[in-house]
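Student: I have just opened this structure for the first time. Could you walk me through a pair of packed helices?
Tutor: Gladly! Let's look at it together.

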Amino acid sequence: MPELLTSWGTAVVHLLIQPYYYIAILFIALYYRRQVALERKFIHVKLHSWGRETWRTVWSGLVAGLVVSLAAVALGISLTGTAVAIIWAVSLVLMLFRVRYLCFAYSIGLLGILQFILSFFPDTLQSGLAGTIATALREMDIPALLVLAALLHLAEALLARWQGARLAAPLFLKGKRGKVVGGYQLEAFWPLPLFLLIPSGAGIGDLPWHPLLGGGLGLVSLPVIIGFSEMTQGLLPGRKSARTAGRLLLYSIVLLALSGLAAWWSPLTVLAALAAVLLHEALGWYSALEERSLSPIFVHPPAGRKVLAVLPDSPAQELGILPGEILLKVNGVLLTDAAQLHEALRMNPAFCKLEVQNRAGESKYLQRAIYDGDHHQLGIILVPEPDGWVTAEAKSSGIFSIIAMKTGASRRSLPSGGLGRAKGAAAEPKKESAGV
């Protein structure tokens, strides 16, 4: 036990002096800063605080990382220091293509495929830096690392279920028929500091128990980033995050089973590595297919205006108004236009009476005094008008857009060729749509 605790302390020091964990936290902070910019672009206020959300993901990722580390140590999952650098190098390269590729399943799956290819050329890459990398790759216990990837996705499923809906950001999206509809982006990342065993036979002592996957007495640190990226027009954020969490849980179970079989019979390793990548891609493909089959729910009905989001600590939140509900009447005025909400509230600047239709189609009657400093629309963010002129890209964030703080918003072109105009504003000169 003293040797194991000493090794754990050394691994913690290595975690703190290596750049990987700080890169992960910096990336997440930049992402949430961009999310705040995106919210200001579309709804002109911020629903989230980038500092608070960064802190939330850091401490929850720390807890999840320690739990996964204990499970990994108990199972005997091991890794060398050189392998840690290789995994991070592959992850950073993959991130340049898509941020969602910053996933342990992709990097380990790709390394498993490369290890399989190198097995056909045992006499190549024996010297120099390339030889060092190839040797570390050949010695990687890919089945054990795929077990770790399954454990990480189990943690990701739990975090997505717990925090996913809370981190959802409202968007204005281009619908199937060219009209603007409301939607949500559910995208979250967590930095996990992992501690894994050093491979047995490296001149270190044996563990005081018999781990299933080997490993010797000694620890190495491996910071990783887990996360998911979804967009929805046809589901409420809570339901979408619950479905995503369920699919991630199923994925982790299947990957755990395949990785366990590969650890028992090594020829299955390449199959498990391929499954780690392909099944993860299948999750995104199936989610996109599901969204195309659903009708948008964040669109205005003929009578009333649908609520897209509610600002935290606002009068609307105090009244219990929820996204997806319909604001029918304000101070007796039936709403048929977004501008009527503010006008109806001004009819009685000290008090308001609301008729709201909940998600089940039942009406509820609410009233509240209005105080100085209250949001001019009580904190209610309405679904965009169908002829709105700014929409977001319906795809996950890119690393360069996150660094450059680009929101991905664009001006929508009308069928006549001109740009859309805000209500009451003059039309802008005709030009091609450009990213903002």
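Student: In which hand does H8 cross H9?
Tutor: Keep in mind that this is a predicted model. In it, H8 passes H9 in a crossing that is right-handed.

Student: How are H8 and H9 oriented, roughly parallel or roughly antiparallel?
Tutor: Two packed helices are described by the angle between their axes and the distance between the axes. Here H8 covers residues 237-264 and H9 covers residues 269-293, with an angle of about 165° and axes 9 Å apart. Angles over 145 degrees count as roughly antiparallel, so H8 and H9 are roughly antiparallel.

Student: How many nonpolar residues does the contact of H8 with H9 have?
Tutor: From H8, the residues involved include Leu248, Tyr251, Val254 and Leu258, and they meet residues of H9 including Ala272, Ala276, Leu279 and Leu283. By class, this contact has 4 polar residues, 5 charged ones and, to answer you, nonpolar residues numbering 12.

Student: What span should H9 have, at 1.5 Å a residue?
Tutor: H9 has 25 residues, and its end C-alpha atoms are 36 Å apart.

Technical notes
Residues numbered from 1 in each chain as written. Predicted model: local features only at pLDDT ≥ 70, side-chain atom pairs only at ≥ 80, totals over all residues. Heavy atoms only, no water. Axes fitted to C-alpha atoms, helices over the stretch in contact; angles between N-to-C directions. Helix = DSSP H or I, 4+ residues; strand = E, 2+ residues; numbered from the N terminus. Parallel < 35°, antiparallel > 145°, perpendicular 65-115°, else oblique. Left-handed = near helix turned anticlockwise from the far one by under 90°. Contact = heavy atoms within 4.5 Å. Nonpolar A, V, L, I, M, F, W, Y, C, P; charged D, E, K, R; others polar. Expected span 1.5 Å × (residues − 1).
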